[in-house]
Amino acid sequence: MREIKFEYIVIGRCGNVIKEMFPLHDIQRGYAQKWLQVNTVRGEIHKRQYTGLKDTYDVEIYEGDILQCCEDGLKWVARFVNGSFVACNPDDYLDFVMLDDYRFLVIGNKYESPELLEQLR
């Protein structure tokens, strides 16, 4: 069974980024909520779920990660679709492949590196 955990990203108005990962049991105990109260002054809050998979360099893959396929170099975005984590074409979310069918590299995420998504379009 995969480990269930979430990463919270807070992006301030000045562009500063604060990240923290919480396993499900810590979220249930209220630790994530307390962390958010302390670290959220004014900014965007994003919550990303761990897919249970790692890239070729053993980096954990989360929802919203921008991935590069090791076989063909195409770039994808990790998403949760119809009960499964998949790699989606950033321009067409109906075009997707299963995350565990290919080898990927995490090259960023859509919250901290939105310019990577713009380069794909």
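In which order do the five strands of the open sheet with antiparallel pairing come? The close-ups below, all taken from a predicted model, start with that sheet.

**View 1. The five-strand sheet runs β8-β7-β6-β5-β9.** This open sheet is built with antiparallel pairing. Look at its two edges: β8 (92–98) and β9 (104–109) each have a single partner strand, so one side of each is left without a neighbour in the sheet.

**View 2. The four-strand sheet goes β2-β1-β3-β4.** It's an open sheet too, and its pairing is antiparallel. At the edges sit β2 (17–23) and β4 (60–62); each has just a single partner strand, so one side of each has no neighbour in the sheet. Neighbouring strands in this sheet are turned against each other by 30 degrees on average, direction ignored.

**View 3. Zoom in on β1 and β3, and on the helix by their sheet.** Strand β1 (residues 5–12) and strand β3 (residues 43–54) run antiparallel, joined by seven bridges. Val10 makes a handy landmark, with Ile45 as its bridge partner in β3. Helix α2, residues 31–39, packs on this sheet and touches β1, β2 and β3. The direction of α2 makes about 170 degrees with that of β2.

Note on methods
Residues are numbered from 1 along each chain as its sequence is written. This is a predicted model: local features need pLDDT of at least 70, side-chain atom pairs count only at pLDDT 80 or more; totals for chains, interfaces and linings use all residues. Side-chain values use heavy atoms; hydrogens and water are left out. Two strands pair if DSSP finds at least two bridges between them. Axes are lines fitted to C-alpha atoms, for helices over the stretch in contact, and angles run from 0 to 180 degrees between N-to-C directions. Contact means heavy atoms within 4.5 Å.
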